[in-house]
Amino acid sequence: MRLALIANPHASRFSGRQRDQVVAALAAGHKVEVLQTAHPGQATALASQAVASGVEVVAVLGGDGTVNEVVNGLRGSDAALGLLGGGRVNVLARGLGLPADPDRAAARLVELLAAGARRRLTLGVAGDRWFALNAGLGLGGAIVREVERRQRAKQLYGDRAYLAAGLKALLVDHDRDHPHLTVHLPDGRPPLRGFFTLVGNGDPFTYLGRRPFRPTPQATWDGGLDLLVGQTMATRSLVRALTGMLSPHPRAGYPGLPVLQDLDGFSLESDIPLPFQLDGEYVGDRTSVTFGCLRSALAVFAPPARA
């Protein structure tokens, strides 16, 4: 089988030695072409070029941002995705029951390739971008934007940098008095007003260390999109909800934070620009975003879904 390995040298767990070990594991039974990114956004073009040349599997050694780029490069192809870990969090790999450690992930991918063990996943669509994990307009986007502005703190403090960014976004940056967002729903349902939204394509939404963060706990990788609408900024309500979302038994919705499930599409409008993130990457400030989903759009080598 022909594989392209796209490696991000800036990923948290990347090293040249690690890359070579992964390549050796895969090359024992497959033809492997190694493609290394030099700048953000390049993985999309590399994936597209690889599938155009006849590659059957595009494997990613990097974080969820690199995975997102590769997913966008697989549009319109029959190529499957392989996940090799290597990033700081690796939400998609862990959510699908795959290792985040590159050596263990390579060994597992070899097993899955031999067994032909593929799953088909839903992909979310936001404007002209696909996403595999999640999206957020407002508070979630502000947190990611703040962390990306302070890359050194992210490298040194990891998840604590996200907690600090969350507190700053919540207490300093975000307008807690005026709900600027309007959520337009399908089927003639009345619009909802809110301060922020979180869109989950699967569960968990992300991780804080070893602990899964689950604001949309009933979202599935093969269903529609789940949408949490933040209709309150009251500190007590948010603390109660965040505690629940980090607990072993989260609820689908909390007072002031309803969750709409299994949606095929909806749109968001804001009367001011709000920060927007896709798959953990800040992609600019937006006043409107239209969402859709493509069911069974992506083949990935992974164990079957848990019953």
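Reader: What should I know about the model before starting?

Author: The model is predicted, so local features need pLDDT of at least 70 and side-chain atom pairs count only at pLDDT 80 or more, while totals for chains, interfaces and linings use all residues. Residues are numbered from 1 along each chain as its sequence is written, and side-chain values use heavy atoms, with hydrogens and water left out.

Reader: How many helices and strands does the protein chain have?

Author: Helices (H or I, at least four residues) and strands (E, at least two) are DSSP runs, numbered from the N terminus; the protein chain has 9 helices and 16 strands.

Reader: What share of the residues is buried?

Author: Buried means under 20% relative accessible area, with a 1.4 Å probe and protein chains only, and 54% of the 307 residues in the protein chain are buried.

Reader: At what angle do the axes of H1 and H5 cross?

Author: Axes are lines fitted to C-alpha atoms, for helices over the stretch in contact, and angles run from 0 to 180 degrees between N-to-C directions. The axes of H1 (residues 16-27) and H5 (residues 102-115) cross at roughly 15 degrees and come within 9 Å. That makes the two helices roughly parallel, a term for angles under 35 degrees.

Reader: Which residues of H1 and H5 meet?

Author: Contact means heavy atoms within 4.5 Å; on the H1 side are Gln18, Gln21, Val22, Ala25 and Leu26, which meet Pro102, Asp103, Ala106, Leu109 and Val110 in H5.

Notes: Parallel < 35°, antiparallel > 145°, perpendicular 65-115°, else oblique. Buried < 20%, exposed > 50% of the residue type's maximum accessible area, 1.4 Å probe, protein only.
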